[in-house]
Amino acid sequence: MHSFFVSIMFRLTCHYLIDTIDVKMHTDIDTIVRRSRTMNERYELNKNLAQMLKGGVIMDVTTPEQAIIAEKAGAVAVMALERVPADIRARGGVARMSDPKIIKEIKAAVSIPVMAKVRIGHFVEAQILEALGIDFIDESEVLTPADEMYHIDKWAFKIPFVCGARNLGEALRRIGEGASMIRTKGEAGTGNVVEAVRHMRIINAEIKRLTTLREDELMAAAKELQAPYELVKYVAQHGRLPVVNFAAGGIATPADAALMMQLGADGVFVGSGIFKSQNPEKMAEAIVKAVTYYDKPEILAEVSEGLGEAMQSIDIRKLDEKDLYASRGW
């Protein structure tokens with residue numbers, strides 16, 4: 001009798017637990033679906049926000065006064081920094097997120113979007129920038145990496161991220177982590193466009209190669225690129241990245257900016273090239289016009305005239321491997 005009673009109780013308990021688990025599983029699945037839908041909608045919005053910057057110039061600024069110059073020149077956004085890359089390179093040491101006070105002052109000075117940089121892997125710096133209401137976060141190799149193994153999980157944030165890449169695999173890994181915008185890494189703070197050119201050509205060549213592959217060859221390509229299969233498949237089908245790809249790293253003249261646009265960039269970041277030049281106001285206006293009229297040599301010749309000296313530049317071949325920013329991250 002006792003065993004019969006125990007058996008009945010066991011079965012009733014099992015049925016209760018199964019029913020409870022079933023309800024909980026359905027609830028959890030519904031929650032996950034809703035959360036996934038919300039994340040996807042937010043990501044599409046972030047990609048569209050980045051798309052709105054297409055065809056424009058984003059300028060590094062360190063003061064509200066510089067931000068105003070950038071906005072008047074026609075910049076579509078500014079990057080708020082304590083020091084431009086050339087000064088970061090010259091000073092050495094550990095480069096971190098800018099002081100929130102500087103970011104807030106720059107944000108208050110202009111009506112265009114304001115971006116700011118965080119160190120690779122430093123998700124707390126990203127949390128601070130999101131709390132400040134910044135418009136975009138750049139997880140940047142220009143700052144000293146905080147984590148040499150992991151990048152930030154950008155899906156954990158509502159704010160859009162931009163990340164650098166040297167090749168297609170790196171670009172797709174960052175997009176897989178939730179980046180809404182890609183830029184070539186180039187070699188920031190050098191005033192030497194050669195690495196930006198190299199990275200843009202590599203990305204374009206690797207995209208073109210994917211478009212020639214059969215569908216049953218794409219998984220092997222994903223393995224080779226160390227990139228998510230679905231993103232590899234998207235690139236193969238569409239012949240482009242699923243997000244905008246700007247050029248950055250070493251752009252110092254209007255001709256440099258136009259060169260990157262002709263190579264297929266969706267827009268241009270200019271770090272030290274403007275406010276380390278002899279005439280920042282004129283250089284800023286000239287680079288904006290060069291990006292707009294990148295395929296009009298007569299206009300490019302006109303805007304390149306009488307700008308004064310460009311920023312002091314560096315021959316990248318003379319830099320030690322440890323001094324190369326582009327190799328930071330993976």
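## A first stop: Lys-117

In which strand does Lys-117 have its place? Lys-117 belongs to strand S3, which covers residues 114–119. Please keep in mind as you look around that this is a predicted model.

UniProt lists Lys-117 under "active site", in an unreviewed entry. Is Lys-117 buried or exposed? Its relative accessibility is 8%, so Lys-117 counts as buried, the cut-off for buried being under 20%.

Several residues surround Lys-117. Leaving aside neighbours within four places in sequence, Lys-117 is in contact with Met-79, Leu-81, Met-97, Leu-129, Asp-138, Ser-140 and Leu-143. With one of these residues, Asp-138, the side chain of Lys-117 makes a polar contact of 2.9 Å.

## The sheet around it

Now let us step back to the sheet. Its 8 strands form an open sheet with parallel pairing, in the order S7-S6-S5-S4-S3-S2-S1-S8. At the edges are strand S7 (244–246) and strand S8 (268–270), each of which pairs on one side only. On average, neighbouring strands of this sheet are turned by 30° against each other, direction ignored.

Strands of a sheet pair through backbone hydrogen bonds, either parallel or antiparallel.

## Strand S2 and its neighbours

Strand S1 (residues 57–61) and strand S2 (residues 77–80) pair in the parallel sense over 4 bridges. Here Met-59 stands opposite Val-78 in S2, and Asp-60 stands opposite Met-79 in S2.

The bridge partner of Met-79 in S3 is Met-115. Both faces of S2 are covered, with Ala-77 and Met-79 buried on one side and Val-78 and Ala-80 buried on the other.

Helix H6 (residues 168–176) touches strand S5 (161–165) and strand S6 (181–184), and its direction makes about 160° with that of S5. Helix H11 (residues 280–292) lies across S1 and S8, running at about 155° to S1.

## A second annotated residue

UniProt also places a feature, "binding site", at Arg-201, again in an unreviewed entry. Where does Arg-201 lie? Arg-201 is found in helix H7 (residues 194–211). With 52% relative accessibility, Arg-201 counts as exposed, because the cut-off for exposed is over 50%.

Terms used
Residues are numbered from 1 along each chain as its sequence is written. This is a predicted model: local features need pLDDT of at least 70, side-chain atom pairs count only at pLDDT 80 or more; totals for chains, interfaces and linings use all residues. Side-chain values use heavy atoms; hydrogens and water are left out. Two strands pair if DSSP finds at least two bridges between them. Helices (H or I, at least four residues) and strands (E, at least two) are DSSP runs, numbered from the N terminus. Axes are lines fitted to C-alpha atoms, for helices over the stretch in contact, and angles run from 0 to 180 degrees between N-to-C directions. Contact means heavy atoms within 4.5 Å. UniProt positions are given in the numbering used here, feature names are shortened, and annotations may be inferred rather than shown by experiment. Buried means under 20% relative accessible area, exposed over 50%, partly exposed in between (1.4 Å probe, protein chains only). A polar contact is a pair of N or O atoms within 3.5 Å; within protein, one must be able to donate a hydrogen and the other to accept it, and residues adjacent in sequence count only if both atoms are side-chain atoms.
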